[in-house]
Amino acid sequence: LLTYKHALRGVPTTPLELRRLYAHVKNHRARRVDRYVGFRLLGAFYNIALNIDPAHRDRTMNLILDNNLYPSLPNPLSPADESTWGVAEHIPTRLVSRRSDGSITFPTVPNPDYTNPFHLDGQAQYMLLYGRPGKHNVTPGLIWDKAYRINYRSIFGYNLVRSLCPNNEARPAISRQFAIVCSQPGLYSEALDAYNARNPHAPFMELSGSSSHLQFHRVYVPVHGKQNFTVDDAIRVLMHNRIPRAWVDHAYPFGLAFLDYQFEHPSMLVEEFVQADDERIA
């Protein structure tokens, strides 16, 4: 992008680079994409400067703060264009089409198969279209980077939980308990070790075989009984489905991101997650 000719290190490091980048963003003859990238770089630098102690700010930081350069700068993209521009850069071309006015549209993609946690590509593609950051229906537990790439371990954990949860209104409450199990290292392994100690002649047998032939038994919990489902119940469901301990360990990023989301968006259930987080780091 031409934008980086004005900010060779990603953000302006001298007053001259700052003035050139500012002029580039305001230049209506430049490509809107280049101007938008410059706008985001200025925004990032402005926030950095705000959080630096005034005694340690350099001339470039003082310039962007004292002259009100960034707050007065209009966004080159409209809100509608901004919500689709970034993701369109990373969605396969076959899934993106454009109207005659140049706006972007996405096709309707059917719900992925939730009966198998290994259908990662289909689930990730679905989330990219409908559950990415910035959308109204953000899915807790998924980990994204700035290029809208999704962490495979987080999508695996999400798929695993979805494949075991009921398909009714109790699912969010049940999912929370599974996510807490995933977030606590060793919790499931300790439960398996305790089971094996109690049953030395019939130890726990993990699932094996091809992932394409796996079948899980969903837990059924009526809506009125969802608050009675606990972490211990989630562990029993995992054991009943013979889920290997390595799978739950692999889903740890999902559980950790799920907890982070709850703290960033606190609700009446925050105390439950505080307790789970305390046990996680104990």
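**Close-up views of a predicted model**

**View 1. Helix 2 and helix 3 are roughly perpendicular to each other (65 to 115 degrees counts as roughly perpendicular).** Two packed helices are described by the angle between their axes and the distance between the axes. Here helix 2 (residues 32-50) and helix 3 (residues 59-66) pack at about 105°, and their axes lie 9 Å apart. Axes are lines fitted to C-alpha atoms over the stretch in contact, and angles run from 0 to 180 degrees between N-to-C directions. Helices are DSSP runs (H or I, at least four residues), numbered from the N terminus.

This is a predicted model: local features need pLDDT of at least 70, side-chain atom pairs count only at pLDDT 80 or more, and totals for chains, interfaces and linings use all residues. Residues are numbered from 1 along each chain as its sequence is written, and side-chain values use heavy atoms, without hydrogens and water.

**View 2. Side by side: the residues where helix 2 meets helix 3.** From helix 2 come Leu42, Phe45, Tyr46, Ile48, Ala49 and Leu50. From helix 3 come Thr60, Met61, Ile64 and Leu65. Contact means heavy atoms within 4.5 Å. Nine of these residues are nonpolar, one is polar and none is charged. Nonpolar means Ala, Val, Leu, Ile, Met, Phe, Trp, Tyr, Cys or Pro; charged means Asp, Glu, Lys or Arg; the others, Gly among them, are polar.

View 3. pLDDT is the predictor's confidence in each residue, from 0 to 100. Among the elements, helix 4 (residues 79-88) has the lowest mean, 51. Helix 8 (residues 187-198) has the highest, 94.

Note on methods. Helix = DSSP H or I, 4+ residues; strand = E, 2+ residues; numbered from the N terminus. Parallel < 35°, antiparallel > 145°, perpendicular 65-115°, else oblique.
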